[in-house]
Amino acid sequence: MPGVKERMPSAVALGMFDGMHIGHRQVIAQAVALARENGWQSVVYTFENHPRSVYAHPPQQLMSAQERRAAMLDMGVDRVDMVHFDMQMARTTPQAFLDELAQRYQLKALVAGSDYTFGYKGLGTVQTLREMEPRYGYILQVVPFVMLEGEKVSSTRIRQALDRGERALADQMLGKEIHSEK
């Protein structure tokens, strides 16, 4: 647990951020912007390993934990907390998860994608976060899905594009510049 000095007013981005795709980047950018506007620290709270790794085989990694951390810091994030996801964490209730965040940070804002889930069996949702705003005193910002070619950008979709050999589409979802050959 961080010391009292580290418990600064914080805008916290929540998510797995396993691919750092353009949707993930919007969530993080929103937390960074809120922090800068208000003189808070920007934090990304994420997991070093994919939560599915405690139950079965994790999905193919799009980026290593070190690559994700570097990408987040390059976006101007002040603090990246990567927690190891294990069976104890998998059994954490949504309430206990929020209690942990409140102990770890002086929560001023939480930022999450519209499909964010947390706690035991993913029972916590953005609606749960909304309902808990008054109790914890944060503001919640929910970032809508980023759409590309009529479909939601997601790590799963990127993996599927890579499996089909659609590298240009995957790169576009990952926010990589695409240069056409002349």
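Q: What makes the span of helix α1 in this predicted model close to the expected one?
A: Helix α1 covers residues 22-38, 17 residues in total, and extends 24 Å from its first C-alpha to its last. The expected span is 1.5 Å times one less than the number of residues, and for α1 the expected value is 24 Å, so the helix reaches close to the expected length.

Q: Which residues of α1 are buried, and what covers them?
A: The buried residues are G23, H24, V27, I28, A31, V32, L34 and A35. Their cover includes the strands β1 (9-14), β2 (41-47), β4 (106-113) and β5 (139-143), together with the helices α2 (65-74) and α6 (155-163). After α1 comes G39, with a positive phi near 75°.

Q: Why is H50 called buried?
A: H50 has a relative accessible area of 16%. The cut-off for buried is under 20%, and H50 is therefore classed as buried. H50 sits in the loop between β2 and α2, where it touches M16, D18, P58 and P59, residues up to four places away in sequence not being counted.

Q: Why does P9 count as partly exposed?
A: The relative accessibility of P9 is 27%. P9 is found in strand β1 and is in contact with W40, Q41, Q106 and K108, leaving aside neighbours within four places in sequence. The C-alpha atoms of P9 and A109 are 8.8 Å apart, although 100 residues separate the two along the chain.

Q: What makes the phi values of M20 and E149 worth noting?
A: Most residues other than glycine have a negative phi. M20, however, has a positive phi near 50°, and E149 has a positive phi near 55°. M20 lies in the loop between β1 and α1, while E149 is in the loop between β6 (147-148) and β7 (151-152).

Q: Are M20 and E149 buried or exposed, and how do you know?
A: M20 has 0% relative accessibility, which is under the 20% limit, so M20 counts as buried. E149 stands at 61%, over the 50% limit, and therefore counts as exposed.

Q: What makes strand β3 mostly covered?
A: In β3 (residues 79-83), 5 of its 5 residues are buried. R79, D81 and V83 point one way from the strand, and V80 and M82 point the other way; all are buried.

Q: How do you know that β2 and β3 pair?
A: Pairing requires at least two bridges, and β2 and β3 have 5, in the parallel sense. Y45 stands opposite D81 of β3. The chain passes from β2 through α2 to β3 in a right-handed β-α-β crossover.

Q: What is the volume of the largest pocket, and which residues are closest to its centre?
A: The volume is about 930 Å³. Of the 39 lining residues, G15, M16, D115, Y116 and T117 are the closest to the centre. The elements α1, α3 (87-90) and α6 each give two or more residues to the lining.

Technical notes: Residues numbered from 1 in each chain as written. Predicted model: local features only at pLDDT ≥ 70, side-chain atom pairs only at ≥ 80, totals over all residues. Heavy atoms only, no water. Helix = DSSP H or I, 4+ residues; strand = E, 2+ residues; numbered from the N terminus. Buried < 20%, exposed > 50% of the residue type's maximum accessible area, 1.4 Å probe, protein only. Contact = heavy atoms within 4.5 Å. 1 Å grid on protein atoms, 1.4 Å probe; cavity = no way out; pocket = protein on both sides within 12 Å on 5 of 7 lines; lining within 4 Å. Points joined across faces, edges and corners; volume = space filled by probe spheres on them. Right-handed = clockwise from strand over helix to strand, strands pointing away.
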